[in-house]
Amino acid sequence: KQLETIPYLLGQRDVMSYVQTLPGVSNAQEGNTGLNIRGGRSDETLILLDDAPIYNPNHVFGLFSSFNAGVVKSIDFYKDRMPSEYGGRNAGVLAVHTKNGDFNKRNLEANVSLLGSDISSDGYLIKDKLSYNIGGRASYANLIKYFTPDLEAGYYDVNAKLTFKRSDKEYVSGSFYTSKDGYFQSDDNQNIVLFFNQSSWSNTAASLKWYKAMDNGWNMKAVYSFSRLENEKASVYENVSTFDTYQEMDVHHAKGVLNKNWGKWDVNYGIETSVYASNSVFRDDDTSFAFIPQNISTEIAAFGEASYTWQSWRAKLGTRLNGYVSANKKYIVPDVRGSLTKSWGQNSAYLAIDRTSQFIFQLYETFMPIASDFWITANDKLGPQISNMVSLGYDGSYKKLNYGVGAYAKRYEGAIDYADGAVLYSDSDYSQYLEPVDRRSVGIEFNASYVSKRISLDANYTLSKTTETDRQTDRQTD
């Protein structure tokens, strides 16, 4: 229901921009759809599209997100009380689920905005058995080349999904997503806007999911997904490339989950694994070298959690055992998550602890406001980042008014930061330019919303402070 009330930004509905308005969430920078949650960076937020990880959720240099609201059914968003099923990130989880498609009728939706158009359609191919959901978006920005030949920019994305329903309790679905952004400025133009005058980035994600609700009360889910990120930036002047960087990262991901309800007990457990293969190169006319060496690493986890409900109380305890293997290092890190909730009708209060860990990080190019997606994984010099958080809150409702207040204290251990004098694009070991730091964040959050047939109002406020401590110099920055 909240997705239907998303405001239009320049004529387009945007899921990520809406999430940024929630308490405890901010954007990476102005005009950027990256999510910074409770003192975390945007690479510390796990973003999933039908269970497939998305590593660059941005269009138009971060003005819009990569998600077409017309194909989206729902989103799950966690900044605390994270289920043990989700791991690998320390700040939060945004899981986007697309529609299965209507099994009985066909629907079509189209929107035209100032910057682009989008279209989506869902319906049945075989009534009550096979459905489809498809959508696409494209910008008008490419048309600028007909008015300003020295400049060209634009994006497109495509979503497609097929769902086969074997019965009311079992279905198989396959999803596909691809997006492409590009920016080009003529090398003959003397009024250069960006140092990287040629850049492009793309996402590809495909997932296959099987779900079955068994007669004995067990629910089963199995997922395989493949994600690919490509990112290239170049500086070309007078037909000579003076700076050209490229990264390609492939991620194979698989997960199996079992859950069951036994009266007052809910049990959920499973396994998950991700295999990362990345290669980053720096190219010019004379040479080409890997400024981030080619790397293959594997992350595997076993998770489980149980919750017990007694009268108006609900207690949940979960754990996740994370293992990580690369060519030169192995890590084993346990996570613990737990919460206690007390309910009074539609009101509730909670106390929660969340311990999470992360083995993959994004290197930021802070000097340029463009796609910055050079990802690295943990190694013998850069260990895992670990987060510990305590949070509490109260959520209430009165007629059509919903409100809440929350507070948290969080510590990140081993966060990645640049050392003094860092030079990322170097043919030497990039690890020497990075160093672990500790980060602490505390905050209090307020939210209120009012929804009626004609009016939807949201008001959110966050007061927080984040401090980083350099392990070597004890330097603090606010």
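**Exercise 1. Which residues form a nonpolar patch on the surface, and how much accessible area do they have together?**

This is a predicted model: local features need pLDDT of at least 70, side-chain atom pairs need 80 or more, and totals for chains, interfaces and linings use all residues. Residues are numbered from 1 along each chain as its sequence is written, and side-chain values use heavy atoms, without hydrogens and water.

Step 1. The members are Trp262, Trp265, Tyr308, Trp310, Trp313 and Leu340.
Step 2. Together they have about 620 Å² of accessible area (Shrake-Rupley, 1.4 Å probe).
Step 3. Take Leu340: its relative accessibility is 39%, so Leu340 is partly exposed (buried is under 20%, exposed over 50%, partly exposed in between).

**Exercise 2. Classify the pair Trp218 and Tyr269.**

Step 1. The whole structure holds 11 aromatic pairs (ring centres within 6.5 Å; planes under 30 degrees apart are stacked, over 60 edge-to-face, the rest tilted).
Step 2. The ring centres of Trp218 and Tyr269 are 6.1 Å apart and the planes stand at 85°, so this pair is edge-to-face.
Step 3. Check burial. Trp218 is buried at 19%; Tyr269 is partly exposed at 36%.
Step 4. Trp218, Trp262 and Tyr269 form one aromatic cluster.

**Exercise 3. Classify the pair Trp344 and Tyr394.**

Step 1. The centres lie 6.4 Å apart, with 45° between the planes: tilted.
Step 2. Trp344 is partly exposed at 45%. Tyr394 is partly exposed at 28%.

**Exercise 4. Which charged residue lies over the face of Tyr350?**

Step 1. Arg81 does, at 3.5 Å from the ring centre (NZ of Lys or CZ of Arg within 6 Å of the centre and within 35 degrees of the ring normal).
Step 2. Likewise, the charged end of Lys165 sits over the ring of Phe103, 4.5 Å from its centre.

Notes
Patches are made of residues with over 30% relative accessible area and no salt bridge: like charges are joined within 9 Å, nonpolar side chains (Val, Leu, Ile, Met, Phe, Trp, Tyr) within 5 Å. A salt bridge is a side-chain nitrogen of Lys or Arg within 4 Å of a carboxyl oxygen of Asp or Glu. Buried means under 20% relative accessible area, exposed over 50%, partly exposed in between (1.4 Å probe, protein chains only). Rings of Phe, Tyr and Trp (its six-membered ring) pair if their centres lie within 6.5 Å; planes under 30 degrees apart count as stacked, over 60 as edge-to-face and the rest as tilted.
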